[in-house]
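Biologist: I should like to learn how to read a structure of this kind. May we go through it feature by feature?

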Amino acid sequence: MADKDAAVFGTIPQSQNLRSGLVDTLIAQIESGDLAPGQRLPTEQAIMAATGVSRTVVREALASLRAKGLITTRQGLGAFVASDPKPRAFSIAVTDVESIDDVLSVLELRIGIEVEAAGLAALRRTEEDLERMRVKLDALDRSILAGGSGSEEDFAFHRAILVATRNPYYARLFDTFGSVMVPRQWARFDTMDEAERAAHMARMRREHGAIFSAIRDGDEKAARRTLRNHLGRSAQRFAELRDLAGGAR
């Protein structure tokens, strides 16, 4: 491996989410030009030595880069930066959300998007929008009462708010990410007893109801406030789960 390659790959930081961390670092090196088009990447063994990750993680990271069109492989020669790397399309896949810290990052992004959307929805919503939200809330209640996580129904309610902005790009952005924006698999509902689950779901219903009421009443400030409170409480719960697990990610 050339000295330049050693310097570049020696800067790869350790990450609890090892595959995603390595992918992000390699993409940053390609986008910055530190890894130039046509440049050969170090061997798997060299990347392992520089980063401390396993061969499996390295191979998964390289496969991800290949799927994104950022690198190519040549039989017997190794991996090379693509001569014309495709622009990086932003996405969040289920495999990207591998820890509670990842969930918190997604919630932070959602707050940035949805608080503004709630305010716009309060100003622009139609009766059709309000009816759509009512239907989604009812579906969420039914799912939870039936013992489900309500993930798909929760996603549908929040998407209905984005639709009510009358700006199609909000809903399209949510659709790009899909249900990963509501990562209920990390909520640890299975660790709750019946009373805890009932209290949690009642709180969720109250918070959703407050958001709906503010949008229905055309109260822009209240819509923003209740949406921020709702997602902020969710973030607080996930932070508590992380701390209870001793900081495990």
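## Reading the model step by step

Modeller: Let us begin with the overall plan. The chain has 10 helices and two strands. From the N terminus on, the elements run α-α-α-α-β-β-α-α-α-α-α-α. Please keep in mind that this is a predicted model.

Biologist: How many residues does the chain have, and what percentage of them count as buried?

Modeller: The chain has 249 residues, and 45% of them count as buried. Contacts may also be sorted by separation along the sequence. Among contacts in the chain with a separation of 6 or more, 72% are between residues 24 or more positions apart.

Biologist: Where in the chain is confidence lowest, and where is it highest?

Modeller: Where pLDDT is low, the predicted coordinates should not be read in detail. In this chain the average pLDDT is 81, and 80% of the residues score at least 70. Confidence is lowest in helix H1 (residues 3–9), with a mean of 48, and highest in strand E2 (residues 78–81), at 92. Over residues 1–7 the pLDDT is below 50, and this stretch has eight contacts in the model beyond near neighbours in sequence.

Biologist: How should I read the length of a helix, taking H10 as the case?

Modeller: One compares the span of the helix with an expected value, found at 1.5 Å a residue. H10 has 25 residues and reaches 36 Å from its first C-alpha to its last, close to the 36 Å expected.

Biologist: Which helices do the buried residues of H10 pack against?

Modeller: They pack against helix H5 (100–124), H7 and H9. The buried residues of H10 include Ala222, Ala223, Leu227, His230 and Phe238.

Biologist: Thr226 is in helix H10 (residues 220–244). Is Thr226 buried or exposed?

Modeller: The test is relative accessibility, and a residue under 20% is called buried. Thr226 has 14% relative accessibility, so Thr226 counts as buried. A polar atom of the Thr226 side chain lies 3.2 Å from the backbone oxygen of Ala223. Leaving aside neighbours within four places in sequence, Thr226 is in contact with Ala210, Ile211 and Ala214.

Biologist: What does Ala202 show by comparison?

Modeller: Ala202 is found in helix H9 (residues 194–216). With a relative accessible area of 33%, Ala202 is partly exposed.

Biologist: How many aromatic pairs does the structure hold?

Modeller: The structure holds one aromatic pair. Phe155 and Phe174 form this pair, with 5.1 Å centre to centre and 15 degrees between the planes. Planes under 30 degrees apart count as stacked, so this pair is stacked. Phe155 lies in helix H7 (residues 151–163) and Phe174 in helix H8 (residues 168–177), so the pair ties together parts that are 19 residues apart in sequence. Both Phe155 and Phe174 are buried.

Biologist: What sits over the ring of Phe80?

Modeller: A charged group may also be placed relative to a ring. Here the charged end of Arg74 sits over the ring of Phe80, 3.8 Å from its centre.

Biologist: Lastly, what is the phi of Arg166, and where is Arg166 found?

Modeller: Arg166 has a positive phi of about 65 degrees although it is not a glycine. Arg166 is found in the loop between H7 and H8. At 45% relative accessibility, Arg166 counts as partly exposed.

Key:
Residues are numbered from 1 along each chain as its sequence is written. Side-chain values use heavy atoms; hydrogens and water are left out. Rings of Phe, Tyr and Trp (its six-membered ring) pair if their centres lie within 6.5 Å; planes under 30 degrees apart count as stacked, over 60 as edge-to-face and the rest as tilted. Helices (H or I, at least four residues) and strands (E, at least two) are DSSP runs, numbered from the N terminus. Buried means under 20% relative accessible area, exposed over 50%, partly exposed in between (1.4 Å probe, protein chains only). A charge sits over a ring if NZ of Lys or CZ of Arg is within 6 Å of the ring centre and within 35 degrees of the ring normal. A polar contact is a pair of N or O atoms within 3.5 Å; within protein, one must be able to donate a hydrogen and the other to accept it, and residues adjacent in sequence count only if both atoms are side-chain atoms. Contact means heavy atoms within 4.5 Å. pLDDT is the predictor's confidence in each residue, from 0 to 100. The expected span of a helix is 1.5 Å times one less than its number of residues.
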